[in-house]
Amino acid sequence: MFITRFAPSPTGPLHLGHAYSAILAHDSAARESGTFLLRIDDLDQTRSRPEWEAQIFDDLSWLGLSWPQPVLRQSDRLPLYANALETLWDQGLLYPCSCSRADIRAAVSAPQEGAPLQGPDGLIYPGTCRPAHPPSGPMPDSPLRLDMARALAHLGRAPAFTETGAGPDGETGLITPSTMTRTVGDVALARPGLGASYHLSVVVDDADQQITHVIRGRDLFSATQIHVLLQGLLGLPTPIYHHHRLIRDDAGKRLAKRDDARAIAGYRAEGKTPQDIRAMLGL
């Protein structure tokens with residue numbers, strides 16, 4: 001069985017990088033007589049727009065991609081994410097955190113020599129709100145972080161996954177727990193206004209949709225170790241991962257949604273064909 005997915009956020013136009021990832025996943029599923037799913041990551045309702053979602057459907061269809069209906073939307077699944085959070089809370093692995101981004105910046109303004117500052121979620125959390133012992137009582141309706149050291153100890157083994165691509169520096173699926181505490185830290189799993197973080201929601205959704213292969217860019221490689229850890233803590237299967245090369249501009253910078261000049265809709269307006277897009281991507 002081969003099931004993969006493409007899960008864009010409807011917060012802007014799809015660009016060449018999105019097209020590469022979607023086509024690669026779609027073609028991989030076709031070669032394996034498998035299934036390609038489209039999933040809409042719309043947890044951030046303040047930035048998600050119906051018109052961007054409609055554009056996603058239109059651009060992907062124009063590229064020749066197809067997928068089963070109905071399409072799963074993360075905004076419809078908040079109770080499932082809450083259940084997963086409850087499980088982690090009951091395991092004593094979460095704690096409330098009231099720190100703002102400004103608080104974190106201030107706390108890490110004078111780091112120890114050699115200590116990394118940036119992790120998968122930006123600045124690595126310095127543990128300001130981390131309690132000495134797991135909180136007791138009902139799970140609060142507040143931002144929650146994963147106690148990384150406690151979670152790794154609770155899992156009782158080093159998280160690992162099968163990687164058929166590579167990380168930015170050629171990394172494989174080997175994860176070192178001591179490295180996770182130092183270079184990832186206590187990631188946020190419940191965020192204000194979102195209900196759940198990307199890390200938690202993607203793990204729950206991949207398991208629920210029986211995803212066997214995750215195909216995505218190397219910029220998400222560092223986040224995969226978080227996802228594999230959460231899969232182990234929640235008793236969920238770990239897919240096979242393939243992290244592919246990134247599509248960059250002429251200056252070597254990774255494309256982002258602000259790169260409207262490379263939006264698929266823009267190329268379509270210029271008269272480019274789906275075959276032209278594939279050729280530009282080396283597919």
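**Cores and helices of the predicted model**

Leaving aside residues up to four places away in sequence, Leu146 touches Leu93, Leu94, Tyr95, Ala151, Asp186, Val187, Leu189, Leu229, Leu230 and Leu233. Apart from it lies another core, of 26 residues, which includes Ile40, Ile56, Ile277 and Leu281. The model described here is a predicted one.

Leu146 also belongs to the largest nonpolar core, a set of 38 residues in which Leu88, Leu146, Leu229 and Leu233 touch the most other members. At least two residues of this core come from each of α3 (78-90), β7 (144-146), α5 (148-155), β8 (188-190), α7 and α8 (221-234). The top contributor is α8, which gives 7 residues.

Helix α7 runs over residues 198-208, and because 8 of its 11 residues are buried, the helix is largely enclosed by the rest of the structure. The buried residues are His199, Leu200, Ser201, Val202, Val203, Val204, Asp205 and Asp206. After α7 comes Gln210, with a positive phi near 55 degrees.

The loop that leads from α7 to β9 (213-217) holds Thr212. With a relative accessibility of 17%, Thr212 counts as buried, since the cut-off for that class is under 20%. Its side chain reaches the backbone nitrogen of Ile3 at 2.8 Å. Residues up to four places away in sequence aside, Thr212 touches Met1, Phe2, Ile3, Pro239 and Ile240.

Buried within α2 are Glu53, Ile56, Asp59 and Leu60. These residues lie on the same side of α2, because they cover an arc of only 130 degrees around the axis. An α-helix has 3.6 residues a turn, so residues three or four places apart point the same way.

The buried residues of α2 pack against several elements, namely β1 (3-6), α1 (16-31), β2 (35-40), β3 (72-73) and α9 (264-269). Just after α2, Gly64 adopts a positive phi of about 95 degrees.

How values were computed. Residues are numbered from 1 along each chain as its sequence is written. This is a predicted model: local features need pLDDT of at least 70, side-chain atom pairs count only at pLDDT 80 or more; totals for chains, interfaces and linings use all residues. Side-chain values use heavy atoms; hydrogens and water are left out. Buried means under 20% relative accessible area, exposed over 50%, partly exposed in between (1.4 Å probe, protein chains only). Helices (H or I, at least four residues) and strands (E, at least two) are DSSP runs, numbered from the N terminus. The arc is that of the directions from the helix axis to the C-beta atoms. Contact means heavy atoms within 4.5 Å. A polar contact is a pair of N or O atoms within 3.5 Å; within protein, one must be able to donate a hydrogen and the other to accept it, and residues adjacent in sequence count only if both atoms are side-chain atoms. A nonpolar core is a set of buried Ala, Val, Leu, Ile, Met, Phe, Trp, Tyr and Cys residues joined through side-chain atoms within 4.5 Å.
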